[in-house]
Amino acid sequence: MAVREFAERGADLELVGIQKRFPGFTAIEELDLVIPAGSFFALLGPSGCGKTTTLRLVAGLEEPTRGRILIGGKDVTDTKSHERPVNTVFQSYALFPHMTVIENVAFGLKRRRISDAVAKAHEALRLVELDHLAQRRPQQLSGGQQQRVALARAIVNRPALLLLDEPLGALDLKLRRQMQLELKTIQEEVGLTFLHVTHDQEEAMTMADTVAVMNKGAIEQMGAPAELYELPRTVFVANFLGQSNLFTGQVVGTTSTAITVEAADARIVVPTARAQRHQGEVAVGVRPEKVVLHTEEPAATADRNVLGPGRVIDVSFSGVSTQYLVDLGALGTVVVFAQNVGSGPVAGLGAEVWVSWEVAHGFGLDDVPVEAGRFPADDSTTSIAAQRREGLVSELEEH
Amino acid sequence: MAFAAFATAEAQPQVQKRKSRIALFLLLPGILYLVLFFLTPLISLVLTSLQTPAEFGDIGQYDYAFNWQNYVTVVQQYLPHILRSFGYALAATVLALLFSYPLAYFIGVKARRWPLLQSLMLVLVIAPFFISFLLRTLAWKQLLSDESFIITSLKALSLMAPDAHFTGTPAAVIFGLTYNFIPFMTLPLYTTLERLDTRYLEAGSDLYANAFTVFRKITIPLSMPGIVAGTLLTFIPAAGDYVNASRDFLGGPDTQMMGNVIEANFLVLLNYPAAAALSIILMAAILVLVSIYVKRSGTEDLL
């Protein structure tokens with residue numbers, strides 16, 4: 001099944017019950033995923049969460065231990081990578097060093113014996129504005145230029161599915177912004193299905209129509225970027241996608257519209273529709289920019305949660321906004337983003353403050369934070385060995 | 001960027017000068033060594049090659065002259081040997097490449113996951129070096145002699161004519177050359193293949209190239225420096241070799257190469273000018289062939 005024609009349009013990608021084990025660890029536990037044709041889909045997650053493995057499975061560079069992969073409804077699980085209508089922009093770009101830029105871009109077309117390969121390659125280079133460098137070797141280009149060549153080399157083939165493996169990781173901030181816009185434009189122009197793997201939550205949110213947050217080999221939550229941000233369902237998503245202020249407590253009251261949670265000695269109200277769990281111990285939260293700082297105790301109203309008093313323990317100014325860290329005693333600390341618009345209270349370090357937010361902005365999560373911290377347990381053999389050694393050394397020093 | 005490059009270039013000449021003086025000083029021992037042990041014998045060889053026999057002298061006595069006809073004579077007399085030398089060397093190089101490439105690819109790419117296996121196989125490639133090259137070749141002479149197990153079995157199975165020999169044939173000499181120079185092919189191939197970035201191979205496969213095309217279009221070009229180095233390291237000594245083709249080892253009267261002719265002229269016939277002229281022809285021919293080869297293979301920017 002040589003892929004001799006250009007894809008007319010993007011194709012659906014469907015992963016059914018995918019599992020991938022490597023000797024010694026499982027990269028993907030159980031993954032089911034449907035990416036509709038023509039969409040820009042981002043897989044977001046920390047390093048080691050299995051997102052790159054997922055991409056390599058789709059590209060055919062790895063074989064799944066279990067499960068099926070379907071592209072455009074056709075089962076490609078047993079199809080070799082060179083026979084799949086898929087192209088990848090690799091993290092390392094992987095431009096062939098022994099070929100010129102134009103030879104690199106025309107490589108895929110020539111393999112498929114498409115007529116006018118060189119002319120089409122020039123066209124793709126014009127799209128990324130690099131046609132004037134067609135005769136150079138990849139080593140003679142800057143990182144950003146190499147990235148654009150890698151992109152041209154992939155899209156010139158008009159694959160039904162384009163895979164992007166953190167291709168913007170090596171670029172500086174300004175160039176990255178520019179490339180993000182270009183990618184988005186190209187995707188809209190050619191109408192392909194894009195699967196973008198990244199650990200940069202901002203990149204995922206600005207570019208993708210749908211974001212899937214991956215953690216430990218499974219998808220935690222999936223949806224439109226705004227939806228994910230406004231209504232995270234798990235602690236991991238709440239903390240990985242932006243920042244969150246989380247409070248854990250018991251549900252003490254439930255009405256048809258809201259639940260009341262008692263955390264420490266405070267009561268926090270969350271709309272029932274925005275809470276995943278309605279009884280027992282739950283974690284509720286609010287985004288830092290939704291929280292307002294008060295220097296005097298505000299009057300309690302039904303539609304606002306008020307916490308305080310507390311003390312400002314850190315103030316950091318970042319231009320557009322100021323970030324306050326408020327210590328609320330038993331409730332823990334709360335992060336507040338205040339826009340620097342010249343109005344509203346300005347609290348100094350050590351000031352006594354109250355924080356409040358609209359009940360409608362809160363959310364209730366499906367799980368509660370565990371004390372393990374943000375990073376997964378480091379259980380590689382080397383770190384275990386290092387820890388043991390440290391333990392032994394300190395034991396020796398004591399004697 | 002461009003301006004910055006010019007600026008640093010202008011500020012540098014002084015540092016450059018001091019650096020080059022130190023470099024020269026460090027090179028001095030090497031230069032002296034080469035002048036003493038390479039240039040002097042070379043000049044002496046050129047002078048010898050132009051000598052004429054002493055008028056009333058014994059055999060082996062020669063006078064300095066400018067007798068360039070020596071060259072014409074040796075080429076006329078030994079053209080078959082010259083051609084045979086390069087033919088055998090070429091055949092041995094091609095065979096060594098065909099054997100070594102899969103071996104080096106396995107050690108350098110496929111065995112990356114098992115470093116122990118990798119080192120073990122490398123040791124096995126180098127192991128023959130621990131035994132003298134002459135002894136190993138003599139051993140092969142025994143193994144391939146008419147009375148040997150291998151040859152008698154082949155004859156018993158009618159795979160060889162009853163009156164045929166293996167030693168003394170061109171095949172035996174090419175076999176010996178291939179065997180003796182295989183490590184010189186394998187090691188440079190291994191060093192380039194060991195550094196081969198497999199992500200390029202994945203990228204090729206992602207761009208619709210099947211395994212064979214990936215090998216032809218990506219693996220081979222990227223390992224070109226190793227192929228060039230390996231073929232040179234095999235071809236040059238093989239072309240000048242006189243052990244394998246010698247009657248005392250794997251060769252016979254019809255398999256004499258240039259090395260054997262030079263040896264005979266120097267040590268048996270005492271015809272020093274002829275031997276010197278042949279040596280210079282061999283050297284020049286190798287130089288020309290090698291420079292054409294390196295140019296044609298276009299590996300300058302990969303080296």
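**Group meeting: a predicted two-chain model**

Good morning. I begin with helix H12 of chain B, in which B:Pro273, B:Ala274, B:Ala275, B:Ala276, B:Ala277, B:Leu278, B:Ser279 and B:Leu282 are buried.

Two remarks on the source. This is a predicted model, in which local features need pLDDT of at least 70 and side-chain atom pairs count only at pLDDT 80 or more, while totals for chains, interfaces and linings use all residues. Residues are numbered from 1 along each chain as its sequence is written, and chains are lettered from A and ligands numbered from 1 in the order in which they are written.

I turn to chain A as a whole. Chain A has nine helices and 20 strands; helices (H or I, at least four residues) and strands (E, at least two) are DSSP runs, numbered from the N terminus. Its C-alpha atoms fill a box of roughly 75 × 60 × 50 Å along the principal axes. Of the 399 residues in chain A, 39% are buried.

Chain A is divided into domain 1, residues 6-229, and domain 2, residues 230-364; these bounds come from an automatic or database domain assignment. The C-alpha centres of the two domains lie 38 Å apart. The contact between them takes ten residues from each domain, where two residues are in contact if their C-beta atoms, placed from the backbone, lie within 7 Å. Which elements of domain 1 give two or more residues to the side that touches domain 2? They are strand S9 (210-215), strand S10 (218-223) and helix H7 (225-230) of chain A. H7(A) gives the most, with four residues.

Next, an open sheet of five strands in chain A, with the order S15-S19-S16-S17-S18 and antiparallel pairing; two strands pair if DSSP finds at least two bridges between them. Why is one side of S15(A) and of S18(A) left without a neighbour in the sheet? Strand S15 (292-294) and strand S18 (333-339) stand at the edges, each with a single partner strand, so one side of each has no neighbour there. S15(A) pairs with strand S19 (residues 352-358) of chain A over three antiparallel bridges, and A:Leu293 has A:Val355 of S19(A) as its bridge partner.

Finally, the contact of chain A with chain B. The contact takes 16 residues from chain A and 15 residues from chain B. On the chain A side, strand S6 (86-89) and helix H2 (101-111) are the elements that give two or more residues. H2(A) provides the largest share, three residues.

Four bridges join S6(A) in parallel to strand S7 (residues 161-165) of chain A, and A:Val86 stands opposite A:Leu161 in S7(A).

Terms used. A residue is buried if 20 or more other C-beta atoms lie within 10 Å of its own, exposed if 12 or fewer, and partly exposed in between; C-beta atoms are placed from the backbone.
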